[in-house]
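User: I'm new to this one and would like to learn how to read it. Could you walk me through it, a feature at a time?

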Amino acid sequence: FVTMEGLMERLERAVTRLEKMSVTMQASSGMANGGCVNGIDGGLSQCVEAFDVILKGPVSDYLNHSRAIGSEVEKHAEMVNNALQTQRTFLKMAATHQEPAQMEFRDLLKPISDHIQEIQSFRERNRGSSLFNHLSAVSESIPALGWVAVSQKPGPYVKEMNDAATFYTNRVLKDYKETDRRHVDWVCSYLSIWTEMQSFIKQHHTTGLVWSKIGPIAPPSLFDPPSVPSAPCPPPPPPPPGPPPVFTDDDSQPQTGSAAAQHSMLFAQLNQGMEITKGLKHVSDDQKTHKNPNLRSQATPTKTKSPEAANSPRAAVQKRPPLLELEGKKWRVENFEQKHDLLIEETELKQVVYVFSCNNSTLQIKGKINSIILDNCKKLGLVFENVVGIVEIINSKAIQLQVLGKVPTISINKTEGCQVYLSKDSLTCDIVSAKSSEMNILIPQGDDEYV
């Protein structure tokens, strides 16, 4: 004979054994999917430890080489390091929490997205920098941190971003390979970050970010501590119903202007039935617009602009003052209009020239300098003697460029209309173009003729 108490004890033992088996199976499943389950002992997961290897290896080398170069490259590297530390926090949370809903997942990604935007904005603010190619390599590849949101194949996505960086790191190698070893080491250390990241993803997150199978649902914010759940507040009481309509007899005298009086007058008129139409006036045929074309033309409403709208001033475009000055090692030429006698004479080999938002103007540069950048210019003529690095044209229209001496590389990016007049000494230069149209390269034939 089995008592009720005996049955309850046996049932409780069975439930306890099933719970232990469930925990063991879930932990094993998580380890098979990349070892990102935190486990029961509360230690770091294997995937976070693997990510730390990247931070202590190529990321640390990248920071050291960036500090050796200094200037904007060092500041940019600190931003990259902050972004990677935020991603480590994200991976650590994913290893101990279950995947949240789509909306909460987007909120969790926002800190990483903010870091990416900050890094790219820094590049845009420093377009005139002599280290612009370094900044561009980082800016074009940093979206690789978004692999955590790629559901199918995050590894190839990171490789694609790494290839985007290579376009600019090749320029860095070309400029500094024979002159400054620091920049070569910088390129190697930076590219190795994304190479190691691909290996990390292949080992731990092959088909997408792996969340824990046990533990609580991920909190709505990456850095805010999860709040203790509490009973929801009761909803506020509904508003009281409005006053009912007031029905009064015709003999009643309602107070003038009151709401009750207006309701009473309305319902009194509705209660008249067919008698309500007695107050309408008869309209003869000569007053009907559908029977009298003259009335239709007179009745057509015309839209007239109010005096305020007609006199309202358009939003004035703020024009910045023109600028031509030497700032450190950078010549800044900005915001000139209809100026055809711009001249830079006292130049040095380490100086760069940054020309921004100059329209319908002409600039002449004498001597030998490091590089020239034309950004957001229109109908600009540029004449220069010698450049040891690169001449780059970006986001411009109708540009005419004449080389009097030597230049190794000319880059034309996102430009509509560009004519390049080469000298006899610059016929061997490399010309690279992307997303540009209407380009002509003219070479000298005779003394003053170009073909």
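Analyst: Happy to. Let's start with contacts: a contact means heavy atoms within 4.5 Å. Leaving aside residues up to four places away in sequence, A149 touches F105 and L109. This is a predicted model, where local features need pLDDT of at least 70 and side-chain atom pairs count only at pLDDT 80 or more, while totals for chains, interfaces and linings use all residues. Residues are numbered from 1 along each chain as its sequence is written, and side-chain values use heavy atoms, with hydrogens and water left out.

User: Where does A149 lie, and how far apart are the C-alpha atoms of A149 and L109?

Analyst: A149 lies in the loop between α5 (132-141) and α6 (154-176). Helices (H or I, at least four residues) and strands (E, at least two) are DSSP runs, numbered from the N terminus. A149 and L109 are 40 residues apart along the chain, yet their C-alpha atoms are separated by 8.1 Å.

User: How much can I trust the model, going by pLDDT?

Analyst: pLDDT is the predictor's confidence in each residue, from 0 to 100. The protein chain has a mean of 78, with 73% of its residues at 70 or more. Residues 225-234 fall below 50, and that stretch has one contact beyond near neighbours in sequence. Residues 303-317 are also below 50, with zero such contacts in the model.

User: How many helices and strands are there, and which strands form the open sheet?

Analyst: The protein chain has ten helices and 13 strands. As a general idea, strands of a sheet pair through backbone hydrogen bonds, either parallel or antiparallel. The working rule is that two strands pair if DSSP finds at least two bridges between them. Here six strands form an open sheet in the order β3-β5-β7-β9-β11-β13, with parallel pairing. β3 (342-344) and β13 (437-442) are at the edges with a single partner strand each, so one side of each has no neighbour in the sheet.

User: Which strands does β9 pair with, and over how many bridges?

Analyst: β9 (residues 397-403) is joined to β7 (residues 378-387) by six bridges, and the two run parallel. In that pair, K378 stands opposite K397 in β9. β9 also pairs in the parallel sense with β11 (residues 416-421), over five bridges. The bridge partner of Q402 in β11 is Y421.

User: What does S357 touch, and where is it found?

Analyst: S357 is found in the loop between β4 (352-356) and β5 (359-369). Beyond residues up to four places away in sequence, S357 touches N335, F336, D375, N376 and C377. Its relative accessible area is 18%, so S357 is buried.

User: How many disulfides does a search of the whole structure find?

Analyst: A disulfide is a covalent bond between the sulfur atoms of two cysteines. The test used is a pair of cysteine sulfur atoms within 2.5 Å. The search of the whole structure finds zero. For C358, the nearest cysteine sulfur is that of C377, 5.0 Å away. C358 is buried because its relative accessibility is 0%, and C429, at 11%, counts as buried too.

Note on methods: Buried means under 20% relative accessible area, exposed over 50%, partly exposed in between (1.4 Å probe, protein chains only).
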